[in-house]
Amino acid sequence: MTSIDTAGTFPLGDRTVRRLGYGAMQLAGPHVFGPPKDRAAAVAVLREAVAQGVNHIDTSDFYGPHVTNEIIREALYPYGDDLVIVTKIGARRTSDAAWVPAFTPAELRAAVQDNLKRLGLEALDVVNLRAMFSASGPAEGSLAEGLGALVELKREGLVRHIGVSNVTATQVAEARNMTDIVCVQNMYNLVHRQDDAMVDDLARAGIAYTPFFPLGGFSPLQSSALSAVAERLQATPMQVALAWLLRRAPNILLIPGTSSVAHLRENLAAARLDLSEETMAELEVVAG
């Protein structure tokens with residue numbers, strides 16, 4: 001039994017994964033563009049994650065682009081039977097590192113093929129369709145055309161399960177009316193709580209919710225209340241923020257990213273923190 005087993009597991013499609021996983025975005029270069037400064041260190045992080053019991057890795061071929069998928073293959077191929085690799089499509093990178101929509105059926109099919117090729121897979125476990133209707137976050141707009149293309153790829157056996165990312169509650173409902181949705185991936189953390197109702201609705205439906213930027217992303221979470229709790233528990237503020245997410249709802253799957261083995265171990269150690277009801281209430285002020 002590894003330390004992250006204490007965080008429990010949750011279904012992801014027809015697989016079951018440990019609730020503490022790993023997000024590969026930070027393995028690419030600055031601004032998620034180009035190669036890492038130390039490729040060997042990136043390989044080491046992935047191998048250590050799996051050695052620590054992680055069996056859920058989140059990636060995308062537009063990280064780099066192509067960089068994280070190539071490093072995952074170098075580090076972990078052939079993949080263990082219990083490893084679930086989740087990728088996302090719906091965007092592409094330009095030569096100046098911008099993120100732009102790539103949402104036509106042809107672009108989505110090409111993205112699936114790129115992920116398959118670089119990961120060395122015949123089928124992708126889970127593909128999240130990322131909505132790109134606004135640069136600032138979820139915005140309304142129909143997913144029907146893109147999701148229809150992804151459903152066809154699932155029929156062809158290239159994709160096993162479908163999720164959605166950067167979406168509104170209306171878009172989640174639209175997607176669930178079209179096909180089985182196994183996960184939703186949105187920004188959510190101790191401070192950014194706009195999806196509170198969605199998290200609970202998905203929990204009741206048995207659907208995983210995977211928060212990106214669980215530690216605040218490019219602006220790390222900072223709070224005197226968070227720091228006070230961390231000091232009392234002899235933990236770091238980031239460990240407490242991860243433990244809060246694990247305690248918040250049983251369907252939350254965490255994918256904190258890092259390019260450091262030491263930081264990876266620190267993140268995974270959050271599984272051992274047991275936050276009481278009183279501590280959870282104390283942390284509510286952070287969201288205030």
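This is a predicted model: local features need pLDDT of at least 70, side-chain atom pairs count only at pLDDT 80 or more; totals for chains, interfaces and linings use all residues.
Biologist: Why is Val167 called buried?

Modeller: Its relative accessibility is 1%, and the class of buried residues takes in values under 20%; therefore Val167 counts as buried. Val167 belongs to the loop that runs between β9 (159-165) and α5 (169-178).

Biologist: What makes up the surroundings of Val167, leaving aside residues up to four places away in sequence?

Modeller: Contact requires heavy atoms within 4.5 Å, and Val167 touches Ala131, Pro138, Leu143, Val172, Val184, Asn186 and Met198. As for Arg130, 37 residues apart from Val167 along the chain, the two C-alpha atoms are separated by 7.6 Å.

Biologist: Which residues touch the most other members of the largest nonpolar core?

Modeller: That core holds 87 residues, and those with the most such partners are Tyr22, Leu46, Ile72, Val112, Leu150 and Leu283. Helix α8 (residues 237-248) provides the largest share of this core, eight residues.

Biologist: What is known of the second largest pocket and its lining?

Modeller: The volume of this pocket is about 240 Å³. Its lining comprises 17 residues, with Phe62, Ala91, Arg92, Ala111 and Asp114 the closest to the centre. By class, seven are nonpolar, four polar and six charged. At least two lining residues come from each of β5 (84-89), β6 (91-93) and α3 (105-119), and α3 gives the most, with five.

Methods. Residues are numbered from 1 along each chain as its sequence is written. Side-chain values use heavy atoms; hydrogens and water are left out. On a 1 Å grid over the protein atoms alone, a cavity is a set of points where a 1.4 Å probe fits but cannot get out, and a pocket is an open set with protein on both sides within 12 Å along at least five of seven lines; lining residues have an atom within 4 Å of a point. Grid points are joined across faces, edges and corners, and a volume is the space filled by probe spheres set on the points. Helices (H or I, at least four residues) and strands (E, at least two) are DSSP runs, numbered from the N terminus. Ala, Val, Leu, Ile, Met, Phe, Trp, Tyr, Cys and Pro count as nonpolar, Asp, Glu, Lys and Arg as charged, and the others, Gly among them, as polar. A nonpolar core is a set of buried Ala, Val, Leu, Ile, Met, Phe, Trp, Tyr and Cys residues joined through side-chain atoms within 4.5 Å. Buried means under 20% relative accessible area, exposed over 50%, partly exposed in between (1.4 Å probe, protein chains only).
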